[in-house]
Every structure is written in C-alpha cells, then in structure tokens.
Amino acid sequence: MLSGDVLRKVMFFRFGGKDARTPRLVGAFILTAAVLMFFASVASMFDNWDAVKGVNDCLSSFEASDYTSEYSVQLNDCRTTLFNKTGLYLKPGQLKPTLRQSIQVLLEPIAMVFFWLAVLFLGWLMYKSGDLVLPVEMIVREPKEHEYKKK
C-alpha cells in the first residue's frame, strides 16, 4: 500500500441471533401496540374531521333571525361538542371554524399516524432482529510521509 492511500474496511453488525428470543418478543409487543395505536390515530383523524364537518352542519341549521334562548342553548351545545371532541374553541360570535382552525385540528392526528407508522417500522426491525445485519464501512487513511517530517 502506498503512503496516503485509503483503506476501506466493511464491518457487519448482527443484532440478536438465531436463538435470541427476547428481542423478538419485545418486537412483537411493540408491533402489536403500534398497530393498535396506528388504527386508533386513524380513527381519531376521521373523528376530528367528522366533528369539524358536523359543527358546520349543526351551526348552519340555525337561522340568525330565530335568536331565542333555545337557539343559544343549541348553539352552545354545538360549540361544546366541538370543543370536547377536538379541543377547538370557537370565539363568541364565530359561527363556523376557519380553514386554519380546521387544518390545525387535523394536523395532530395526522402527525400521530406517521409517528405510529415509524414505531411500527422500529418494532418490525426488532422482531426481525435475528436476520438484521447492518454493514458499516470504515475508511482508514494513512498519513503521507512528509506529514511525519513536519513534526
């Protein structure tokens, strides 16, 4: 090997082994929990979307000319239902959520869907840990001869 050449080494890291049962068991539990939470977050996303659409229908069923005590009770019921389902509070006098508010309500469940997909992937990696081999390349560079003479 000439001075200043680069030597490349590849190391293989094996996680677990053929007889390793604990990583597979933990991976199976993570997979099960992640699948359940993934479906729960998808259901939450659709529930929030239905709540936003439902409050528009609920609030549009009232007429402003029919402003009675029954109207204010039904209006507060619509607002309370929306707040309890999504955490979105409509300001006094606001009859429907804005586009920004509607998107804000949906962003958290969508982020949770992606989070649980990532956990699902990590659980799958742990479950398959007996077969998981990661190649890592190591580059070794030897210094040139004139670098030794300067010191």
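# Questions on a predicted model

Trainee: Leaving aside its neighbours within four places in sequence, which residues is Gln101 in contact with?
Mentor: The structure is a predicted model. Gln101 lies in helix H3. Neighbours within four places in sequence are left aside, and the residues then in contact with Gln101 are Leu88, Tyr89, Leu90 and Gln94.

Trainee: Is Gln101 buried or exposed?
Mentor: Buried means under 20% relative accessible area. Gln101 has a relative accessible area of 7%, so this residue is buried.

Trainee: Which residue has its backbone nitrogen 2.9 Å from a polar atom of the side chain of Gln101?
Mentor: A polar contact is a pair of N or O atoms within 3.5 Å. A polar atom of the Gln101 side chain lies 2.9 Å from a backbone nitrogen, that of Thr98.

Trainee: What pattern does the protein follow along the sequence?
Mentor: The protein has 4 helices and 2 strands. Taken in sequence order, they give the pattern β-α-α-α-β-α.

Trainee: What share of the residues counts as buried?
Mentor: The protein exposes about 11200 Å², of which carbon and sulfur atoms supply 64%. Of its 151 residues, the share that counts as buried is 23%.

Trainee: Which elements give two or more residues to the largest nonpolar core?
Mentor: The largest nonpolar core has 11 residues in all, including Ala51, Leu59, Leu75, Cys78, Leu82, Leu90 and Val105. The elements that give two or more residues to this core are helix H1 (22-60) and H2.

Trainee: How many residues are in the second, separate core?
Mentor: Ala34, Phe38, Val113 and Trp116 are among the members of the second core. This core is separate, and its number of residues is 6.

Trainee: Which backbone oxygen does the side chain of Thr86 reach?
Mentor: Thr86 is found in helix H2 (residues 69-86). With a relative accessible area of 19%, it is under the 20% cut-off and therefore counts as buried. A polar atom of the Thr86 side chain lies 3.2 Å from the backbone nitrogen of Leu88. At 2.7 Å, the side chain reaches the backbone oxygen of Leu82.

Trainee: Not counting residues up to four places away in sequence, which residues does Thr86 touch?
Mentor: Contact means heavy atoms within 4.5 Å. With residues up to four places away in sequence not counted, Thr86 touches Asn48, Ala51 and Val105.

Trainee: How far apart in space are Gly87 and Val105, C-alpha to C-alpha?
Mentor: Gly87 is found in the loop between H2 and helix H3 (99-127). At 48% relative accessibility, Gly87 counts as partly exposed. Gly87 and Val105 are 18 residues apart in sequence, while their C-alpha to C-alpha distance is 7.8 Å.

Trainee: Which element gives the most to the nonpolar patch?
Mentor: Met11, Phe13, Leu134, Val136 and Met138 make a nonpolar surface patch of about 380 Å². Two or more residues come from each of strand E1 (6-14) and strand E2 (133-141). With 3 residues, the element that gives the most is E2.

Trainee: What is the relative accessible area of Met11?
Mentor: Met11 has its place in strand E1. Met11 is partly exposed because its relative accessible area is 33%.

Definitions and conventions: Residues are numbered from 1 along each chain as its sequence is written. This is a predicted model: local features need pLDDT of at least 70, side-chain atom pairs count only at pLDDT 80 or more; totals for chains, interfaces and linings use all residues. Side-chain values use heavy atoms; hydrogens and water are left out. Patches are made of residues with over 30% relative accessible area and no salt bridge: like charges are joined within 9 Å, nonpolar side chains (Val, Leu, Ile, Met, Phe, Trp, Tyr) within 5 Å. Accessible areas come from the Shrake-Rupley method with a 1.4 Å probe; for residues, only the protein chains shown count as cover. A salt bridge is a side-chain nitrogen of Lys or Arg within 4 Å of a carboxyl oxygen of Asp or Glu. Buried means under 20% relative accessible area, exposed over 50%, partly exposed in between (1.4 Å probe, protein chains only). A polar contact is a pair of N or O atoms within 3.5 Å; within protein, one must be able to donate a hydrogen and the other to accept it, and residues adjacent in sequence count only if both atoms are side-chain atoms. A nonpolar core is a set of buried Ala, Val, Leu, Ile, Met, Phe, Trp, Tyr and Cys residues joined through side-chain atoms within 4.5 Å.
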